[in-house]
Amino acid sequence: MLFSTSRPKRRVLYDGKAKTIYEGPEPGTVIQYFKDDATAFNKQKHAIVAGKGVLNNRISAHLMTRLESIGIPTHFLKSINMREQLVRQVEIIPIELVVRNVAAGSLSKRLGIKEGTVLPYPIVEFYYKNDELGDPMISENHIVTLGWADPYELEEMVALSWRINDYLNGLFSGIGIRLIDFKVEFGRLWGEYDELYILLADEISPDNCRLWDEKTGEKLDKDRFREDLGGLVDAYQDVAKRLGLIPESGIIQGGNVDEQIAASLGEIENEVGRERKLRSVSKTSSPTKPWKA
Ligand SMILES: Nc1ncnc2c1ncn2[C@@H]1O[C@H](COP(=O)(O)OP(=O)(O)O)[C@@H](O)[C@H]1O
Ligand SMILES: [Mg+2]
């Protein structure tokens with residue numbers, strides 16, 4: 001029998017800006033590998049930030065698990081190691097949904113609304129996920145007319161985004177953080193009888209949320225990188241610490257990830273996905289009952 005000293009090569013399905021997607025161990029699964037690359041302004045700005053991947057992997061796994069616990073269907077299956085998680089493979093809907101509670105970023109710039117202005121009601125925005133075009137903002141009309149999503153899929157994505165916003169607002173407020181805004185992506189999954197499910201996919205981390213300290217207003221998210229404020233990884237560590245995901249001492253020693261501490265974080269809430277019953281949005285089949293008859 002032949003043995004090899006190198007690990008079997010996994011097939012790369014997609015090499016993105018912040019993550020690499022590998023073929024998973026079973027059909028219908030993929031592995032998300034979280035890189036240390038930080039990019040902004042459609043890749044015009046790029047840097048390697050040691051530890052960012054580990055922190056985002058950990059934070060996203062936690063938030064996805066919490067969202068599952070309130071009935072939001074997500075792609076998350078389990079954490080594999082400090083940089084990787086196993087997720088269900090979905091067909092990504094090429095729309096980014098942004099939910100805003102407080103004016104910041106492009107909303108402030110485009111419409112001249114002072115950053116920090118509390119919106120009387122959350123705003124949901126849509127962007128076409130296309131790097132070549134710079135992720136342009138679009139309306140629900142574009143989405144349906146250009147066939148990126150069906151009306152009932154859109155309705156489901158918006159409804160889920162509102163629930164995610166409500167839940168995450170409470171979660172972050174409990175640890176002294178304001179959720180200013182966030183971006184989510186969804187994907188399609190087909191069941192045994194061709195019924196369609198819409199799942200929350202990609203990641204939820206300080207890379208795609210705006211998080212401000214409640215007391216000081218300090219930014220604890222990727223704006224630190226966009227605005228050259230420095231201390232990106234410390235801010236992400238602060239979020240992870242407040243969520244109770246890493247020890248108070250942190251996981252970075254002398255600018256590098258302390259591999260031992262990071263590896264000892266253990267597998268995160270590994271049970272998700274076993275007892276779960278997904279809810280079909282398909283019009284062609286009868287609704288799935290989320291309880292046992
Ligand atoms: N469960 C999933 N199945 C398939 N693709 C996914 C899943 N979750 C996320 N993706 C896609 O994988 C990519 C993740 O890598 P990322 O670095 O975020 O890429 P990008 O440069 O496109 O933002 C994204 O394009 C995202 O839409
Ligand atoms: Mg991305």
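Domain bounds are taken from an automatic or database domain assignment. On this basis, ligand 1 lies between domain 1 (12–90 + 230–263) and domain 2 (92–213), because both give residues to the shell around it. The structure is a predicted model, in which local features need pLDDT of at least 70 and side-chain atom pairs count only at pLDDT 80 or more, while totals for chains, interfaces and linings use all residues. Residues are numbered from 1 along each chain as its sequence is written, and chains are lettered from A and ligands numbered from 1 in the order in which they are written.

A residue is near a molecule if its C-beta atom, placed from the backbone, lies within 6 Å of it. Around ligand 1 there are 17 residues, of which G16, K17, A18, K19 and A201 come nearest. Strands are DSSP runs (E, at least two residues), numbered from the N terminus; strand 2 (19–23), strand 7 (84–88) and strand 12 (177–190) each supply at least two residues of the shell.

Strand 2 also takes part in pairing, for which DSSP must find at least two bridges between two strands. Strand 1 (residues 12–15) and strand 2 run antiparallel and are joined by 3 bridges, with V12 opposite Y22. A hairpin connects strand 1 to strand 2 through 3 residues. Strand 2 pairs with strand 3 (residues 29–34) over 5 bridges, again in the antiparallel sense, and T20 stands opposite Y33. The hairpin formed by strand 2 and strand 3 has 5 residues between them, and G28 in the turn has a positive phi of about 85°.

Methods: Helices (H or I, at least four residues) and strands (E, at least two) are DSSP runs, numbered from the N terminus.
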